[in-house]
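Biologist: Can you bring the model up? I want to go through the ligand and then a pair of helices.

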Amino acid sequence: MMNSPTVLVTGATGTVGSDLISALQARGATVRAMIRNPDRPVPGVQNVVADLRDRASVTAALKDVDAAFLNSPSAPDAAALQIQFADAARDAGLNRLVLLSQYAARADSPVRFLRWHAEVEAHLQRIGLDHTVLRPNLYLQALLGFAGTIAQGWFGAPIGDAAVSAIDTRDIAETAAVVLTGTGHTGQIYTLTGPRAVTHGQIAEALSAATGRDIAFRGVPADQFTAALTGVLPPWQIDGLVEDYAHYAGGEAAEVHTSVPDLTGRPARDITDFARDFAPAFGPA
Ligand SMILES: NC(=O)c1ccc[n+]([C@@H]2O[C@H](COP(=O)([O-])OP(=O)(O)OC[C@H]3O[C@@H](n4cnc5c(N)ncnc54)[C@H](OP(=O)(O)O)[C@@H]3O)[C@@H](O)[C@H]2O)c1
């Protein structure tokens, strides 16, 4: 890859994408942020307005880029949107695509999100585009979604005391930047995890220590979790989350992989690092 590659970042306003922009800049890349709202450009980089649902806009966004990071919202048509992007990238002669997938993506998974991700991975194999797959585990930043009840001293999920090697999304971004700007990653699938597997009870302890407050974790049955989210999230998303949590609760997402330290040259962030850095977000309402 050339010295200052131009990298298109989809999901540029999202959890991983926003940190990826600074990580790419730190590695000397020229960043082109793909955004939907022209009134809210990402500062300090090229911006291109495009929508994954509009292929012509994607084709225009891909013009003259050396590499692209593909991330999409979690949506029922996520696989179709990502496949369309991959086809547009192939037609544009893109040299490198880095795909954000998920830990344990598998065509026959009982978890729909993992099947969707596997479908995109298989498509990339088929079309022969130079690509690398990142499969991150549960995001620690997903805990920010529980900030409302955490402000009241607790959070609940149907996971029991199963441990998960959850990852800080800043480590996903830094690893993606290495892969997008480096060499030797073609065809690789990197599973990205934190440095250890933690239970939600241990997460609660880390949040308590970092905030100086008592924060408890309560295991809740799936039907109670569903009831609490009904009307807040669409049914497909609630069902998908319940499937995700059943997978975590079964101890199927507890392996620790060393891709983050291997690729970035420094340890993956621990739950205690996340809790310290995000403590203000978990304060009382
Ligand atoms: N949460 C987890 O624990 C976890 C774990 C592993 C993998 N993942 C995967 O991570 C991916 C992203 O999930 P996330 O919830 O973290 O989302 P996110 O990346 O934080 O946000 C979604 C991004 O997509 C953009 N976007 C939405 N609709 C779009 C469209 N039609 N065209 C172009 N861009 C669009 C949004 O931009 P706007 O600002 O325009 O809305 C935003 O930048 C999913 O594939 C999920 O499966 C999540």
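Modeller: Here it is; keep in mind that this is a predicted model. A backbone N or O atom of Gly11 sits 3.4 Å from an oxygen atom of the ligand.

Biologist: Which side chain has an N or O atom 2.8 Å from an oxygen atom of the ligand?

Modeller: That is Arg36. There is also a backbone N or O atom of Leu52, 2.9 Å from a nitrogen atom of the ligand.

Biologist: How much of the ligand does the protein bury?

Modeller: The protein buries 79% of the 920 Å² that the ligand exposes when taken alone.

Biologist: And which residues come nearest to the ligand?

Modeller: Thr13, Thr15, Arg36, Asp51 and His117, out of 20 residues around the ligand. By type, the shell has seven nonpolar, 10 polar and three charged residues.

Biologist: Now the helices. At what angle do α4 and α9 cross?

Modeller: Roughly 95°, with the axes of α4 (residues 112-127) and α9 (residues 235-249) coming within 8 Å. So α4 is roughly perpendicular to α9.

Biologist: Which residues of α4 meet α9?

Modeller: Arg112, Phe113, Leu114 and Trp116. Their partners in α9 include Trp236, Leu241, Asp244 and His247.

Biologist: What types of residue make up that contact?

Modeller: The contact of α4 with α9 has five nonpolar, three polar and four charged residues.

Technical notes. Residues numbered from 1 in each chain as written. Predicted model: local features only at pLDDT ≥ 70, side-chain atom pairs only at ≥ 80, totals over all residues. Heavy atoms only, no water. Near = heavy atom within 4 Å. Polar contact = N/O pair within 3.5 Å; in protein donor to acceptor, adjacent residues only side chain to side chain. Areas by Shrake-Rupley, 256 points an atom, 1.4 Å probe, with all protein chains shown as cover. Nonpolar A, V, L, I, M, F, W, Y, C, P; charged D, E, K, R; others polar. Axes fitted to C-alpha atoms, helices over the stretch in contact; angles between N-to-C directions. Helix = DSSP H or I, 4+ residues; strand = E, 2+ residues; numbered from the N terminus. Parallel < 35°, antiparallel > 145°, perpendicular 65-115°, else oblique. Contact = heavy atoms within 4.5 Å.
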